[in-house]
Amino acid sequence: MWKKVALALIILVIGGVVGLFVFKSEPRLNKNFEAEGSFFKNHPFRLGLDLSGGSHLIYKADISGVPGGEIADSMDALRDVIERRVNLFGVSEPIVQVQGGGFISGGEHQLIVDLPGITDVEKATEMIGQTPLLEFKIERPKDQPITIKPDPDGKIDPDVLQAQQFAETELTGRYLQKATLEFDQNTREPMVSLQFDDTGTKLFAEITKNNIGKMVAIYLDSSPISTPVVREEIPNGQAVISGSFTPTEAKLLVGRLNSGALPVPITLVSKQTIGATLGESAVAAGVKAGVIGFLLVALFLILWYRLPGLVAVLALSFYTAVLLAIFKLLPVTLSAAGIGGFIISLGMAVDANVLIFERMKEEIRNGHSIHDGIHAGFKRAWTSVRDSNTSSIITSIILFWLGTPLIKGFALTFGLGVLVSMFTAITVSRIFLFALGISKSNNLTGFLFGSGFSGAKSQNK
Amino acid sequence: MVLISVVFISVFGLKSGIEFRGGALVEVVYKDSRPSQDVLNKNLQTLNLGSVLIQPTGELGYIVKSRDLSDLEHSSLLKELTLEENVATEISFTSIGPSVGKELARKAILSIIFVVLAIIIFITYAFRKVSRPVKSWKYGIITIITLLHDIIIPTGIFTLLSHYTGAEVDTLFVLALLTILGLSVHDKIVVFDRIRENLQLNKKESFAETVGTSTQATIVRSINITLTIIFVLVPLYLFGPETTRNFSLILTIGLFFGIYSSLFFASPLLVLVEEWQKRK
């Protein structure tokens with residue numbers, strides 16, 4: 001008997017500790033949040049874009065130019081490049097993921113970019129879409145004539161003339177190993193210093209060797225940014241671009257050069273932005289709905305099932321605390337649909353208890369003592385709890401596997417909820433009920449274990 | 001009911017949302033008062049975006065639906081929505097290309113099919129011991145037939161609703177249907193579980209009687225559990241986020257008919273199958 005009571009107390013304490021963790025790690029609830037240890041601070045709820053505000057972009061990758069075996073590799077490379085570009089702009093916790101072709105997604109390779117806190121789509125797409133193209137060009141040999149057609153007005157376009165002045169070389173930004181920002185020691189002007197890789201170093205050495213005394217033009221995105229004159233051969237693969245940059249421009253250029261070119265061309269096919277205020281009110285509304293729902297269910301359980309109902313409410317509170325803690329620790333990204341899944345799983349958690357209590361009542365009515373009735377109720381209800389929850393888990397696994405991000409969020413919280421509820425609704429409420437140590441049947445216990453409008457007195461004939 | 005629902009669906013048709021069709025949705029809110037729809041309609045006509053639908057939302061906002069927009073079209077749309085000093089602030093923007101929409105629709109349909117298949121297989125397996133008098137896979141098939149009933153009715157009611165409110169089929173709608181599927185299977189399993197147990201305990205009773213007593217024994221539980229889930233859904237509908245409003249409504253309707261069908265539809269069907277087998 002004492003063992004059972006001790007076990008129940010242990011469960012209560014664990015529930016309390018878990019609940020305290022959820023409370024303490026939530027800045028919205030805990031007024032002393034700033035003063036808490038880092039363990040609590042590091043585990044807030046992770047909110048999805050629809051709740052925290054931000055942009056959700058889907059790009060389609062054009063893999064027609066990639067050989068079949070290398071698709072996965074180039075998609076990963078693409079993700080890395082985009083990730084670097086996004087990180088350049090200081091977005092907190094961006095998510096860049098690749099969604100493969102395959103049967104389920106209809107054969108398209110997609111890149112999904114989530115940018116929390118960025119609500120300006122134009123700016124976001126711009127910073128992702130930019131491909132810096134760095135080219136090195138040399139002066140056209142004298143013996144090659146420049147051919148320029150004057151436009152209908154008889155004028156000559158200066159850009160076209162300049163383009164004709166230089167000839168392309170093999171050296172491009174592809175062979176760049178690293179770009180760094182430097183400042184000229186005399187003029188304090190910002191410069192971009194380039195370090196080529198092995199191939200690039202060879203190419204650059206060749207170009208400089210053959211063009212001593214001539215100009216080498218450095219083109220960025222098809223426009224010349226710098227046209228230095230070569231003084232000597234440069235064998236170590238180092239070059240410096242000193243245009244008329246502002247420090248910010250130079251910094252941006254360095255970042256863009258370092259992030260590299262896209263291995264696969266991409267096109268934007270879907271974009272979505274959610275304002276932060278919209279998300280905030282959705283969170284508040286979700287929490288409010290959850291709390292009211294919980295209270296209504298608790299009220300119903302206690303009024304209808306009396307003592308076992310109270311036990312079920314305890315088990316349900318334990319369930320809520322554990323599940324919320326799991327959401328924080330894993331962490332599970334919560335979206336509006338995910339919160340919906342959680343709220344419905346509350347209902348499912350109650351389902352197991354209702355099944356058990358109904359069965360219990362029936363057994364007691366059929367002549368079992370209350371103690372035996374509780375035993376039989378748990379034992380007999382187990383098969384239906386097991387089977388119905390298994391089907392829910394199967395459903396949520398399929399949805400998680402197949403679903404779109406929104407459905408995935410729902411399936412995850414719902415599935416986790418069903419799993420946890422199987423433990424809390426059965427084990428926890430059983431421990432509590434037995435810890436009460438009721439074995440005798442009298443009017444009081446009959447009333448306590450009754451339900452609805454009638455008592456549950458044994459009808460011993 | 002099923003017939004009426006099918007009529008609704010075929011008469012009004014299901015409007016698929018931009019998620020499945022591709023298109024753009026802009027939600028804006030005005031500071032003090034929102035301009036009339038006519039004024040905005042006129043403004044937007046100059047953009048040549050094809051058919052643009054403007055719906056009021058909240059007290060000061062509008063939702064503008066159109067085909068999918070490029071960045072340029074998007075910013076000019078926002079400019080047109082702003083009337084001199086009455087600035088329209090964008091609070092959400094979605095633009096989905098037709099190919100993505102198709103993919104989402106495909107995934108939604110696929111997931112429904114897979115869930116249904118998995119349920120048949122699971123029920124066949126779970127009830128494998130009760131091969132007599134009705135084979136266990138028939139339990140699965142009966143479940144699916146009643147599930148169709150449970151899904152078609154809320155869909156029918158939804159089409160009627162969407163005809164008047166302009167609600168569209170989106171991922172959340174599919175999600176609601178899937179949840180109804182899940183909960184309704186829960187229910188059927190509980191009833192069938194009782195039949196399974198009683199069949200083993202009580203071999204003298206006729207099949208019809210066993211089904212009858214089993215259904216009766218689970219009635220209170222079925223009603224109570226629906227009540228508790230409705231207790232969480234109603235606040236979700238009344239106070240919950242805008243996005244899950246239709247979701248909770250459809251779910252409540254679906255739950256109601258789910259209970260009804262497991263008690264008065266699935267069990268009689270089982271008996272019917274058994275009698276039909278005897279006659280053969």
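**Exercise 1.** Work out how α11(A) and α7(B) are oriented relative to each other.

*Solution.* The two helices are roughly antiparallel, a label given to angles over 145 degrees, because the axes of α11 (residues 370-402) of chain A and α7 (residues 171-201) of chain B cross at roughly 155° and come within 8 Å. This is a predicted model, in which local features need pLDDT of at least 70, side-chain atom pairs count only at pLDDT 80 or more, and totals for chains, interfaces and linings use all residues. Residues are numbered from 1 along each chain as its sequence is written, while chains are lettered from A and ligands numbered from 1 in the order in which they are written.

**Exercise 2.** Describe the side of chain B that touches chain A.

*Solution.* Start with the totals: the contact, in which C-beta atoms placed from the backbone lie within 7 Å, takes 52 residues from chain B and 58 residues from chain A. Next, look for the elements of chain B that each supply at least two residues, which are α4 (71-81), β4 (88-96), α5 (98-126), α7 and α8 (207-238). Of these, α5(B) gives the largest share, 14 residues.

**Exercise 3.** Find how strand β12 (residues 266-274) of chain A pairs with β4(B).

*Solution.* The two strands pair, a term that requires at least two bridges found by DSSP, in the antiparallel sense over 5 bridges. To locate one of them, take Thr273(A), whose bridge partner in β4(B) is Phe93(B).

Methods: Axes are lines fitted to C-alpha atoms, for helices over the stretch in contact, and angles run from 0 to 180 degrees between N-to-C directions. Helices (H or I, at least four residues) and strands (E, at least two) are DSSP runs, numbered from the N terminus. Angles under 35 degrees count as roughly parallel, over 145 as roughly antiparallel, 65 to 115 as roughly perpendicular and the rest as oblique. Two residues are in contact if their C-beta atoms, placed from the backbone, lie within 7 Å.
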